Amino acid sequence: MNIIGPDALVFGVDNVAACAQYLKDYGLFHVDVTEQGGRFEALDGTAIVIAASDDPALPPSMGTASCLRKTIYGVADSATVDAIASELGRDREVKRFVDGSIEVADDMGFVLGFQVTIRRKIDVKAEAINSPGSQPGRPVNALGAIEDADCTPLTLSHVVYFVPDEVKAAKFYTERLGFRCTDRLDGAGSFLQPAGTVDHHTLFLIQTPPFMKGVEHFTFHMSGPTAVLQAGYRFVAKGYESFWGPGRHRMGSNWFWYFNSPLGCHVEYDADMDHHDASWVARDLPAGADASQLFLFKQTDKWAPSGPPPAAQAQKAA
């Protein structure tokens, strides 16, 4: 199955205005947005779609606190859509729409859509670095730290589900949709990669109690670690609460910074994810902090060397 990755995530939310402002401040472009909701796009057209939680056009809620109503995957062509419909139609209902897309539920009850991808090709320079012993990444006199640098999210990277039966959930994606498991956290979760991408994962499944079933977070790829840090710092300055990070993951190697959100889940910025092909052998690590991040920082206010650093001041006060 030539599935590329998520084209869009659809949410039913209680406060449309707050979610719309959040996604705009996060850096997404608003498309056809009204008081009833709308579409918020990254540079390549992948998106978050929001609507009021009682909008009858939405798929039904999963019956938990999760606001996610649908994950829409982009695929290479209409033949792939037909192949998915044929495969999944053997044991469950598959809805077909006039635009050629289909809708179906996975084994955990998450509603999935499949469509010929809407992703636009983008031409964005990756972050360039100067490193001793290698050719300069930036020309002489070109700055690496730019106050007003563009930090637009480039593409929808991945989504993370809380599921009550991670083994069964992963089996559906690997056996029915052709995903590969690139890494595992023993007894806790699987990182899954569809056949149409080399990204380490576009879906991460985490074992949780049934009442927690839903989306834990989603993220968009940025152009590099500086964009993650700079976008995150700007986000904090707008009053949004940092949840985890900044840091760098061990599985996937991607830089990350997570934030609380009014969408009922966390929202992440990420950059520089590992690429793997079918020859990659999945690792299996014990779940825990050491497997979750290679290193972790904590955001704090700006400081200049005009006196004792904040930590020293705190120790003196204690």
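Biologist: How many residues stand between β2 and β3 in their hairpin?
Modeller: The β2–β3 hairpin has 2 residues between its strands. This is a predicted model: local features need pLDDT of at least 70, side-chain atom pairs need 80 or more, and totals for chains, interfaces and linings use all residues. Numbering starts at 1 along each chain as its sequence is written, and side-chain values use heavy atoms, without hydrogens or water.

Biologist: How do you know that β2 and β3 pair?
Modeller: Pairing requires at least two DSSP bridges between two strands. Strand β2 (residues 29–34) and β3 share 4 bridges, in the antiparallel sense. So they pair. T34 stands opposite G37 in β3. A strand here is a DSSP run of E with at least two residues; a helix is a run of H or I with at least four, and both are numbered from the N terminus.

Biologist: What does β3 do on the β4 side?
Modeller: β3 pairs with strand β4 (residues 47–52), again antiparallel, over 5 bridges. E41 stands opposite A47 in β4. This hairpin has 5 residues between the strands, and G45 takes a positive phi near 95° there.

Biologist: What makes strand β3 mostly covered?
Modeller: Of the 5 residues in β3 (37–41), 4 are buried. Buried means under 20% relative accessible area with a 1.4 Å probe and protein chains only; exposed is over 50%, and partly exposed is in between.

Biologist: Why is C181 called partly exposed?
Modeller: Its relative accessibility is 29%. That lies between 20% and 50%, so C181 is partly exposed.

Biologist: How do you know that C265 is in no disulfide?
Modeller: The nearest cysteine sulfur is that of C67, 7.6 Å away. The structure holds 0 disulfides.

Biologist: Is C265 buried or exposed?
Modeller: Buried, since its relative accessibility is 6%.

Biologist: Why does E166 get its burial class?
Modeller: Its relative accessible area is 2%, so E166 is buried. E166 lies in helix α3 (residues 166–176). Other buried residues of α3 include A169, F172 and R176. G178 follows α3, with a positive phi near 75°.

Biologist: What makes N15 a cap for α1?
Modeller: A side-chain oxygen of N15 lies 3.3 Å from the backbone nitrogen of A17, at the N-terminal end of α1. Helix α1 spans residues 16–26, and its buried residues include V16, C19 and Y22. Just after α1, G27 takes a positive phi of about 125°.

Biologist: Why is the link between T155 and R119 called a polar contact?
Modeller: Their side chains are joined at 3.2 Å. A polar contact is a pair of N or O atoms within 3.5 Å; within protein, one must be able to donate a hydrogen and the other to accept it, and sequence neighbours count only through side-chain atoms on both sides. T155 is in strand β9. At 13% relative accessibility, T155 is also buried.

Biologist: How big is the largest pocket, and which residues are closest to its centre?
Modeller: Its volume is about 600 Å³. Of its 26 lining residues, R119, I122, T155, D199 and H221 are closest to the centre. β1 (3–13) and β9 (155–163) each supply at least two lining residues. A pocket is an open set of points on a 1 Å grid where a 1.4 Å probe fits, with protein on both sides within 12 Å along at least five of seven lines; lining residues have an atom within 4 Å of a point. Volume is the space filled by probe spheres on those points.

Biologist: How do you know that β17 and β18 stand at the edges?
Modeller: The open sheet has 10 strands with mixed pairing, in the order β17-β10-β11-β12-β9-β13-β16-β15-β14-β18. β17 (283–286) and β18 (295–296) each have a single partner strand, so one side of each lacks a neighbour in the sheet. Within the sheet, β11 (residues 189–193) and β12 (residues 203–207) pair antiparallel over 4 bridges. S190 has L205 in β12 as its bridge partner.

Definitions and conventions: A disulfide is a pair of cysteine sulfur atoms within 2.5 Å.
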